[in-house]
Amino acid sequence: MTADAVVVGAGVIGASVALELAKAGRRVVVVDKLGGPGLGSTSASSSVVRFNYSTLDGVATAWESMHHWTDWANQLDGHPEEAPVARLLRTGLVMLDAPVAPKDRVLPMFDQLGIPYEVWDAAELAARVPGIDTGRYWPPKRLDDEAFWAGPTGQLGAFFSPDAGYVDDPQLAALNLADAARRKGVTFLFRHEVSAVRRANGKVAGLEFADGQRIDTGVVVNVAGPWSSAMNRIAGVCEDFTISVRPMRQEVHQVPAPPGFNSEDRLGPVVADLDLGIYVRGAPGDAMLVGGTEPECEPLQWLDDPDDVYPYPTAAVYEAQLTRAARRFPKLTIPGTPRGIAGVYDVASDWTPIYDRTSLDGFYVAMGTSGNQFKNAPLAGRFMAAIVGAVEDGHDHDSEPLRYVGEYTGAAINLAAFSRKRPVNTASTGTVMG
Ligand SMILES: Cc1cc2nc3c(=O)[nH]c(=O)nc-3n(C[C@H](O)[C@H](O)[C@H](O)COP(=O)(O)OP(=O)(O)OC[C@H]3O[C@@H](n4cnc5c(N)ncnc54)[C@H](O)[C@@H]3O)c2cc1C
């Protein structure tokens with residue numbers, strides 16, 4: 001088998017990359033060791049769409065991507081009217097004040113890009129988010145620390161980002177992109193595990209699969225999610241990365257929402273609560289999802305191999321995350337049996353993704369998505385198609401990084417921000433917020 005380009009990974013970002021490469025006229029094959037699109041880390045995603053990131057390019061990427069989600073069916077070129085389509089639910093995001101992500105760092109970037117927001121004091125926060133405790137508890141503490149149970153040391157404000165929200169079904173979003181890619185002629189090979197990258201004359205020549213089959217191609221894009229570092233090791237392309245990437249286990253729990261959090265016609269907002277070390281959002285069935293934001297007091301669950309992940313929620317993380325959530329929403333009830341999922345982030349050392357070429361000609365990466373790039377899948381595909389197109393035409397993206405201009409917002413995004421060789425992003429919150 002031959003292809004102009006092979007994408008390794010059929011998650012939401014892999015499917016987006018495949019679609020954009022096909023739109024650029026390439027004959028594309030996507031390979032995935034699982035049985036369908038979006039079954040890797042995409043399937044565990046909370047799929048929050050928000051714009052607060054630590055760099056202007058990060059903010060601009062998320063803001064531009066939101067417009068793609070808003071116009072999703074049209075983005076899919078020929079999507080049959082009767083077929084299901086993922087939807088962005090615009091619930092807004094409430095970002096509680098926390099020293100680790102101060103609003104005076106983010107809001108000037110919102111101003112620069114024209115992103116609407118409202119600044120709320122504690123009274124406004126209490127009025128706008130039913131049932132919330134506006135107390136300040138910073139820094140986050142473990143449950144076995146007596147200080148966890150102490151009263152608040154002050155009151156919190158927040159900023160509200162009305163255009164934020166979440167996509168209702170992350171796996172469906174990946175399937176939508178895969179179907180659009182198929183309509184453009186992309187071939188998907190499921191249950192094919194890449195085991196080797198073949199080289200010839202210092203360039204990519206093809207891939208080999210675990211069952212001994214092979215495919216010839218001059219372009220490979222590694223979009224293997226939490227398996228991306230392993231794929232880079234297979235390809236032998238790690239030596240010039242300034243950013244390291246490792247898989248990390250995460251749990252997201254689902255509980256009945258506290259009264260009034262979801263209203264009859266609208267699910268509750270995303271509440272990013274770095275003051276206590278969690279985030280929450282509404283979910284269908286009058287539920288609430290609760291995830292973590294890597295508070296310093298809790299051990300991080302690094303994995304050597306994502307396939308070794310314990311796939312069920314654990315009592316310890318459930319208790320920690322839900323007790324924090326119940327502190328913020330005192331009317332929350334915590335069922336005795338944990339319910340939720342365990343997923344794996346592909347964490348870059350500065351929680352910022354890598355969209356780039358590598359030292360091996362023809363081998364590209366869209367990786368290090370750090371639990372925060374579902375929302376940017378529409379642009380990640382476009383970034384990679386632009387990089388592959390330019391580099392294959394002889395452009396030196398390392399010394400003259402490309403700029404991408406947003407179709408909807410006109411924002412110019414400097415792709416050097418996502419380089420494998422960038423200086424580590426010291427503005428990062430060191431958490432999933434990027
Ligand atoms: C619990 C959780 C919550 C999240 N919440 C959010 C959020 O609220 N907002 C947000 O923006 N982002 C969020 N994210 C991050 C987001 O979901 C990911 O960044 C995104 O889904 C990654 O997509 P992907 O296509 O790169 O990878 P994946 O979906 O992981 O796909 C990678 C694919 O590569 C395949 N693969 C790997 N190795 C091989 C191989 N050797 N051969 C063949 N195939 C291979 C795998 O089978 C897999 O299907 C969250 C992630 C998790 C885990």
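Ser-47 sits in the loop that joins β2 to β3 (48-49). Its phi is positive, at about 50 degrees, although Ser-47 is not a glycine. The model is predicted.

**Ligand shell**

- The ligand is surrounded by 36 residues. The closest are Asp-32, Ser-41, Thr-42, Val-48 and Lys-375.
- By class, the shell holds 16 nonpolar residues, 16 polar residues and four charged ones.

**Polar contacts and burial**

- Ser-41 places a polar side-chain atom 2.7 Å from an oxygen atom of the ligand. Ser-41 is also among the closest residues of the shell.
- Val-194 uses its backbone: an N or O atom there lies 2.9 Å from a nitrogen atom of the ligand.
- Thr-369 brings an N or O atom of its side chain to 2.8 Å from a ligand oxygen atom.
- How much of the ligand does the protein bury? Taken alone, the ligand exposes 1000 Å², and the protein buries 97% of that.

**Helix packing: α1 with α6**

- The crossing of α1 and α6 is left-handed.

**Helix packing: α2 with α4**

- Helix α2 (residues 56-70) packs against helix α4 (residues 103-113) at an angle of about 55 degrees. The axes of α2 and α4 are 10 Å apart.
- That angle makes α2 oblique to α4.
- α2 and α4 cross in a right-handed sense.

**Backbone features**

- Which form does the peptide bond from Trp-138 to Pro-139 take, cis or trans? The bond is cis, with omega near -5 degrees.
- Pro-139 lies in the loop between α5 (122-128) and β7 (158-161).
- The positive phi of Ser-47 falls in the loop between β2 and β3. Val-48, in the range of β3 (48-49), is among the closest residues to the ligand.

Technical notes
Residues are numbered from 1 along each chain as its sequence is written. This is a predicted model: local features need pLDDT of at least 70, side-chain atom pairs count only at pLDDT 80 or more; totals for chains, interfaces and linings use all residues. Side-chain values use heavy atoms; hydrogens and water are left out. A residue is near a molecule or strand if one of its heavy atoms lies within 4 Å of it. A polar contact is a pair of N or O atoms within 3.5 Å; within protein, one must be able to donate a hydrogen and the other to accept it, and residues adjacent in sequence count only if both atoms are side-chain atoms. Accessible areas come from the Shrake-Rupley method with a 1.4 Å probe; for residues, only the protein chains shown count as cover. Ala, Val, Leu, Ile, Met, Phe, Trp, Tyr, Cys and Pro count as nonpolar, Asp, Glu, Lys and Arg as charged, and the others, Gly among them, as polar. Axes are lines fitted to C-alpha atoms, for helices over the stretch in contact, and angles run from 0 to 180 degrees between N-to-C directions. Helices (H or I, at least four residues) and strands (E, at least two) are DSSP runs, numbered from the N terminus. Angles under 35 degrees count as roughly parallel, over 145 as roughly antiparallel, 65 to 115 as roughly perpendicular and the rest as oblique. A crossing is left-handed if the near helix is turned anticlockwise from the far one by less than a right angle, and right-handed if clockwise.
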